Amino acid sequence: MISGAERQRERERERQRERERAVALVRAARRGDTLALHDLLDHLTPYITRICRPIALDDGPDATQEALIAVFTRLRSLREPEALYGWVRTIAVREAVRVAGRAARDRPAELADVPERGDPQLAADVGDVLSRLSPQHRAVLVLRDVEGLDEESAAAVLGVPAGTAKSRLHRARQSFRRAWNG
């Protein structure tokens with residue numbers, strides 16, 4: 001019988017093998033290997049989707065596509081292939097916020113429109129509550145609570161001072177709580 005600790009070590013070894021494979025694909029793609037580039041983009045798609053979907057909501061597929069295009073066009077600017085996931089995370093968050101912001105101008109959603117207690121909509125899933133937050137608030141929540149980054153790292157990804165990221169996180173969590181609790 002395999003223990004929980006052994007299972008955890010095996011998952012970590014698998015993640016490390018995937019990281020090493022991705023770094024090898026980056027190096028090959030930068031040398032002009034188009035098959036490696038295709039494999040790299042296929043490999044990164046689920047990761048980018050996991051970041052973009054909760055930030056860009058219904059426009060998550062568009063944000064994912066925009067992020068993949070940005071990775072494709074900027075791959076040569078990646079200085080250290082070992083930093084691939086952090087670099088991709090930054091691109092994905094920025095594209096998701098940009099796409100969500102563009103969509104929000106077309107479809108504004110006000111936090112004041114949160115349903116009253118007892119309204120059947122109150123039982124909606126987290127995605128519904130997230131849709132009431134701004135893209136910047138969704139981004140900081142995803143970076144902290146889904147990706148597990150600290151405030152400093154989240155701030156670096158968002159391109160804002162650490163204090164700004166911290167205050168956005170605080171306001172985002174307050175807004176989320178208010179919307180969730182009705």
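Leaving out residues up to four places away in sequence, Arg 89 touches Tyr 47, Ile 51, Leu 143, Glu 147, Leu 149 and Val 157, where contact means heavy atoms within 4.5 Å. This is a predicted model, in which local features need pLDDT of at least 70, side-chain atom pairs count only at pLDDT 80 or more, and totals for chains, interfaces and linings use all residues. Residues are numbered from 1 along each chain as its sequence is written, and side-chain values use heavy atoms, with hydrogens and water left out.

Arg 89 sits in helix α4, residues 84-106; helices (H or I, at least four residues) are DSSP runs, numbered from the N terminus. Arg 89 is buried, at a relative accessible area of 16%. Buried means under 20% relative accessible area and exposed over 50%, with a 1.4 Å probe and protein chains only. The side chains of Arg 89 and Tyr 47 make a polar contact of 3.3 Å; that term is a pair of N or O atoms within 3.5 Å, and within protein one must be able to donate a hydrogen and the other to accept it, while residues adjacent in sequence count only if both atoms are side-chain atoms.

Next, α7, residues 151-158. Its buried residues are Ala 154, Ala 155, Val 157 and Leu 158. They are on the same side of α7 because they cover an arc of only 160° around the axis, taken from the directions from the helix axis to the C-beta atoms. Glu 152 and Ala 156, on the other side, are exposed. At the N-terminal end, Asp 150 caps α7, with a side-chain oxygen 3.2 Å from the backbone nitrogen of Glu 152. Just after α7, Gly 159 has a positive phi of about 75°.

Methods:
Helix = DSSP H or I, 4+ residues; strand = E, 2+ residues; numbered from the N terminus.
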